[in-house]
Amino acid sequence: MDDRIRRIREEDVNAVVQLVYDLAEFERAPDECHLTPEQLRVALFGEAPGLFGHVAEVGGEIVGYALWFLNFSTWRGVHGIYLEDLYVRPEQRGSGLGKALLATLAAVCVERGYARLEWSVLNWNPAQGFYKSLGAVPMDEWTVDRLTDEPLKALAAQV
């Protein structure tokens, strides 16, 4: 196990929120990010946490993170991990931290008997080559659909 990677702690929340905003900037969507430290704290450490995370720490500073949650494969009959965010600061890229974060999640999958580790990546993101080098397979035949904001509320109103 890479000693630069560890489970997220409550005192890491503010640093991780800042990195989430950095990721939103990298993904060209800074205006879409509205996460607050309190929201992340509750999601990770509240009464019934549904979000989990790991951080990459170098010299006492949080320089990367992975936030994830459980999904379930009805075909495999077991849980898996869905990686919501993986981010490493630009000056730390190429240092092995991204791979170490993914390897840590892969180890969680194997230890717990989970069937898969999956995530989404933007089509223009140069990290795709890195992911393929690890053996990740793009799910090109699948399209991600999403309801948010007014369409989500409109559908909910039909109940």
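**Before you start**

You are looking at a predicted model, in which local features need pLDDT of at least 70 and side-chain atom pairs count only at pLDDT 80 or more, while totals for chains, interfaces and linings use all residues. Residues are numbered from 1 along each chain as its sequence is written, and side-chain values use heavy atoms, with hydrogens and water left out.

**Stop 1: the whole chain**

Show the protein chain as a cartoon and follow it from its start. How many helices and strands does the protein chain have? There are 5 helices and 5 strands, and their order along the sequence is β-α-α-β-β-β-α-β-α-α. Helices (H or I, at least four residues) and strands (E, at least two) are DSSP runs, numbered from the N terminus.

Now switch to the C-alpha trace, which spans about 50 × 35 × 35 Å along its principal axes.

Next, show the surface. The accessible surface of the protein chain is about 10300 Å², and 53% of that belongs to carbon and sulfur atoms. Such areas come from the Shrake-Rupley method with a 1.4 Å probe; for residues, only the protein chains shown count as cover. Of the 159 residues, 33% count as buried. Buried means under 20% relative accessible area, exposed over 50%, and partly exposed in between (1.4 Å probe, protein chains only).

**Stop 2: salt bridges**

The whole structure holds 8 salt bridges. A salt bridge is a side-chain nitrogen of Lys or Arg within 4 Å of a carboxyl oxygen of Asp or Glu.

Select Asp2 and Arg4 to see one of them, with an N to O distance of 2.8 Å. Asp2 is partly exposed at 23% relative accessible area, and Arg4 is partly exposed at 23% too.

Move on to Arg116 and Glu118, whose closest N and O atoms are 3.6 Å apart in another salt bridge. Arg116 is partly exposed at 34%, and Glu118 is partly exposed at 27%.

**Stop 3**

Select residues 149-156, which make up helix H5. Within it, pick Glu150 and Lys153: they form a salt bridge, with the closest N and O atoms 3.8 Å apart. Because Lys153 and Glu150 are 3 residues apart in helix H5, about one helical turn separates them. Are these two buried or exposed? Lys153 is exposed at 53%, and Glu150 is exposed at 54%. For a salt-bridge network elsewhere, select Arg6, Asp12 and Glu57, which are joined by bridges that share partners.

Back at H5, select Leu152, which lies in this helix and is partly exposed at 44%.

Finally, select Thr148, found in the loop between helix H4 (127-133) and H5. Thr148 is partly exposed at 39%, and its side chain makes a polar contact with the side chain of Asp149 at 3.5 Å. A polar contact is a pair of N or O atoms within 3.5 Å; within protein, one must be able to donate a hydrogen and the other to accept it, and residues adjacent in sequence count only if both atoms are side-chain atoms.
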